[in-house]
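Subject: Structure handover

Hello,

Here is the structure you asked about. My notes follow below it.

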Amino acid sequence: MAKKEVKSFSNFIEKILNTEDVIIAHKKEYRTTSTTGIELAQQIKKIRHLFQKQSIKPGHKIMILGKNSVNWIAVYFAAILSGVTVIPLDLNIDTTLLNKIQKQVKAKAIFLDRQTNTNVKKFYFDQLPNLPLPSAKITKPSIRPDQVLQILYTSGTTGDPKGVILTHQNILAGINAAIKTIPLTLRLRFLHLLPLSHIFGQVPGLFMLLYFRHKIYFIDSVQPRQLISYIRNKRLHAVIIVPGLLNALKNHLEGKFVMRELGLQFRLIGIGGAFLDKSLESWWKRRLILVLQGYGLTETASMVSANNLLLGRTGSVGKIAKSVEIKLGQDNEIMVKGKNITKGYYQNKQKTAKSFSNGWFKTGDIGEIKNGYLYLKERKKDIIVTSSGINVYPI
């Protein structure tokens, strides 16, 4: 696929799925199952038909709760193509927070892979492949660019959940910024270790990789020994990961010959979701493995800046992404403007108003720009980053 701008989710997803090649592989326990584009397209068609039978219409909301899987992606893509708004939930969400979110959004259904104590109508992932395949073509709804694609929730330690509204235009702008800023045109096999409920797991981790026809692997373990073995045995070229897990891999490999442990083909690490320590980045680079660090928030549809293969700078979060504007405000706070920026927080006008200044989104991060590269210095506000890479802002 040429490096052309993505203008329509329908056309984008159809192109991705129009192949008999394997696009996603998933290791569960001792078995890896593979899914072609055409097989995923059939699964999506089944789920869209289910939406129709359940009267889940454009503008309605559904929640998704579960581990990364083909079924997770199938539900997500089915919702996008149907004009249904998605609320992706962190895998470790507790029942109290889930029910607080449901009270706000009033979702019509929840798609999940385990029992959860909520009154929302439930559909389980393992039942989805058994749905009947409709014979009739499912019509495409008319979807406006400003229509809400998803609401991504973060939560304060003591406060109410905070829902970031992202429209179709926001996500498309994030995808276009990613493919123009990080043109990974050589087809690779990627181990995807970020939660799909996180914006970084979606935009560069899913959409960008599928755009460039990379093959995506999921694995149900985060144990360093198993990850290392899987990378070597499947001859994976790259991993997309959060810094905490990358550090765990480094600790397990310390004192060992990394190329022998991971294989000579392993050459690339995509990093995001939290701050990357410069010494950890340098450790991998000294072993001839490229580390591509980027910067973005849920509110910016992931992409603000990123390093690429040829022009990376250790310690920097990269060059400003295409079509994204940045300026440094008071106290050198990073402020961002662009089509990728959220229009605000769900049912929270006060929080929305406080987060913008004359149309610029205030990130809360302190930065510095040197020779066109952005460097993070500190946060104006405290931040907690969970083990899954989810940003949580104390209130």
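P145 is exposed, with a relative accessible area of 52%. Exposed means over 50% relative accessible area, buried means under 20%, and partly exposed is in between (1.4 Å probe, protein chains only). This is a predicted model: local features need pLDDT of at least 70, side-chain atom pairs count only at pLDDT 80 or more, and totals for chains, interfaces and linings use all residues. Residues are numbered from 1 along each chain as its sequence is written, and side-chain values use heavy atoms, with hydrogens and water left out.

P145 sits in the loop between β6 and β7 (148-155). Helices (H or I, at least four residues) and strands (E, at least two) are DSSP runs, numbered from the N terminus. Along the sequence, P145 and Q169 are 24 residues apart. In space their C-alpha atoms are 4.8 Å apart. Contact means heavy atoms within 4.5 Å. Not counting residues up to four places away in sequence, P145 touches T167, H168 and Q169.

Q147 is found in that loop between β6 and β7 too. Is Q147 buried or exposed? Q147 counts as buried, because its relative accessibility is 11%. Leaving aside neighbours within four places in sequence, its contacts are G59, G83, S142, T167 and H168.

Strand β5 covers residues 109-112. A109 and F111 point one way from β5, I110 and L112 point the other way, and all are buried. In a regular strand the side chains alternate between the two faces of the sheet.

Two strands pair if DSSP finds at least two bridges between them. β5 has 4 bridges to strand β3 (residues 61-65), and the two run parallel. I64 has F111 of β5 as its bridge partner. β5 also has 3 bridges to strand β6 (residues 122-124), again running parallel. There, F111 stands opposite F123 of β6.

Strand β1 (residues 22-28) is mostly covered, with 5 of its 7 residues buried. Strand β2 (residues 31-36) runs antiparallel to β1, and 6 bridges join them. H26 stands opposite T33 in β2. β1 and β2 form a hairpin with 2 residues between them. In the turn, E29 has a positive phi of about 60 degrees.

β1 also pairs with strand β10 (residues 215-219), in the parallel sense and over 4 bridges. The bridge partner of A25 in β10 is Y217.

**Helices α2 and α3**

Helix α2 (residues 37-53) packs against helix α3 (residues 70-82) at an angle of about 60 degrees. Their axes are 8 Å apart. Axes are lines fitted to C-alpha atoms, for helices over the stretch in contact, and angles run from 0 to 180 degrees between N-to-C directions. The two helices are therefore oblique to each other. Angles under 35 degrees count as roughly parallel, over 145 as roughly antiparallel, 65 to 115 as roughly perpendicular and the rest as oblique.

α2 passes α3 in a right-handed crossing. A crossing is right-handed if the near helix is turned clockwise from the far one by less than a right angle, and left-handed if anticlockwise.

Which residues of α2 and α3 make the contact? From α2 come L40, Q43, I44, I47, R48 and F51. From α3 come V70, N71, I73, A74, V75, F77, A78, A79, L81 and S82. By class, the contact has 12 nonpolar, 3 polar and 1 charged residues. Ala, Val, Leu, Ile, Met, Phe, Trp, Tyr, Cys and Pro count as nonpolar, Asp, Glu, Lys and Arg as charged, and the others, Gly among them, as polar.

**Positive phi in two loops**

A301 has a phi near 50 degrees, a positive value in a residue other than glycine. A301 lies in the loop between β13 (290-295) and β14 (305-306). A301 is buried, at a relative accessible area of 0%.

N358 is not a glycine, yet its phi is positive, at about 55 degrees. Its loop runs between β19 (356-357) and β20 (360-370). N358 is exposed, with a relative accessible area of 74%.

**V258**

V258 is in helix α9 (residues 258-262). V258 is buried, with a relative accessible area of 4%. Beyond four places in sequence, V258 is in contact with L253, G263, W283, W284, R287 and I289. V258 and N119 are 139 residues apart along the chain, and their C-alpha atoms are separated by 49 Å.

Best wishes
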